[in-house]
Amino acid sequence: MKKMKHVLTGIVLLLTCVFLFAAQPALADEAQGLNEPGNIRNAAQEFADSASRFIIGRQVRMRSSASASEENVIGEYKFGEPVQVVAELGEWLQVRVTTNAIIREASPRFVHRDFVGSWEQVENKMKKTSPYMIELDRLGEVIFCISYNGGQVWSEKERDEKMDEINYYRHKIPGIHAYIAGSGLPQATMNEMLEALDIQKSLLDVQEKRLDKPAAGEASAGLFEMMNRKLKILNEKYL
């Protein structure tokens with residue numbers, strides 16, 4: 001009889017654990033990466049989702065023409081940045097980047113073919129900190145996409161669609177926070193990344209205000225500058 005009581009107690013405990021586990025809120029969606037399929041998408045996310053080619057070098061110069069000179073340098077690509085090849089000119093590739101997908105009239109960009117490759121090649125060159133910086137960089141692109149043409153007057157339908165988009169990416173923030181906080185990286189490194197994430201959350205909040213008060217865009221200008229400066233510093237150290 002005593003043995004049977006122990007067995008029944010064990011079954012009850014097991015069922016209790018199963019019930020408690022099942023009752024927990026699902027975290028898979030909240031923690032999924034930005035480049036995972038979702039119901040709400042924008043040009044920046046769609047560009048990253050569909051990309052098959054990426055920048056596989058660091059401090060790779062972005063050029064305005066298919067040649068190597070100091071005069072045609074117009075910036076730098078980010079390690080792991082998705083690109084679409086528009087044309088091949090010998091050793092050079094004309095590529096589209098996320099910004100081109102958002103601002104159609106963005107100037108042509110070129111890169112030497114040695115610095116473009118597969119995601120597997122990106123993964124082979126990653127630092128321990130790289131995946132977290134790639135996530136922050138892509139969130140920054142998404143927020144820029146949301147803000148582009150943000151000064152326009154929205155119809156009720158457009159406003160609701162934009163609000164859904166803002167809320168969708170805002171919902172990603174806790175998952176990204178948990179991803180970084182659980183990384184096992186040094187605390188100082190995590191703190192720096194989480195500071196950048198806080199700025200990005202504030203920018204999403206500002207984008208919501210802009211839907212009804214376009215003048216709130218003045219407040220976002222300083223935050224965008226702060227985010228871009230912060231990401232640039234972090235990318236130099238951790239990407």
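**View A. Aromatic pairs in the predicted model.** Across the whole structure, a search finds three aromatic pairs, where rings of Phe, Tyr and Trp (its six-membered ring) pair if their centres lie within 6.5 Å, and planes under 30 degrees apart count as stacked, over 60 as edge-to-face and the rest as tilted. The rings of Phe54 and Trp119 are edge-to-face, because their centres are 5.0 Å apart and their planes stand at 65°. This pair links distant parts of the chain, 65 residues apart, with Phe54 in strand 1 (residues 53-55) and Trp119 in helix 5 (residues 119-124); helices (H or I, at least four residues) and strands (E, at least two) are DSSP runs, numbered from the N terminus. This is a predicted model, in which local features need pLDDT of at least 70 and side-chain atom pairs count only at pLDDT 80 or more, while totals for chains, interfaces and linings use all residues. Residues are numbered from 1 along each chain as its sequence is written, and side-chain values use heavy atoms, with hydrogens and water left out.

**View B. Helix 7 against helix 8.** The axes of helix 7 (residues 156-181) and helix 8 (residues 187-212) come within 10 Å and cross at roughly 170°, the axes being lines fitted to C-alpha atoms, for helices over the stretch in contact, with angles from 0 to 180 degrees between N-to-C directions. The two helices, helix 7 and helix 8, are therefore roughly antiparallel to each other (angles under 35 degrees count as roughly parallel, over 145 as roughly antiparallel, 65 to 115 as roughly perpendicular and the rest as oblique). Residues making the contact (heavy atoms within 4.5 Å) include Ile166, Tyr169 and Ile173 of helix 7 and Leu194, Leu197 and Leu204 of helix 8. By class, this contact of helix 7 with helix 8 has 13 nonpolar, two polar and seven charged residues, where Ala, Val, Leu, Ile, Met, Phe, Trp, Tyr, Cys and Pro count as nonpolar, Asp, Glu, Lys and Arg as charged, and the others, Gly among them, as polar.

**View C. Helix 3 against helix 6.** Helix 3 (residues 43-50) and helix 6 pack with their axes 7 Å apart, at an angle of about 140°, and are therefore oblique to each other. Ala43, Ala44, Gln45 and Ala48 of helix 3 meet Arg138, Glu141, Val142 and Cys145 of helix 6.
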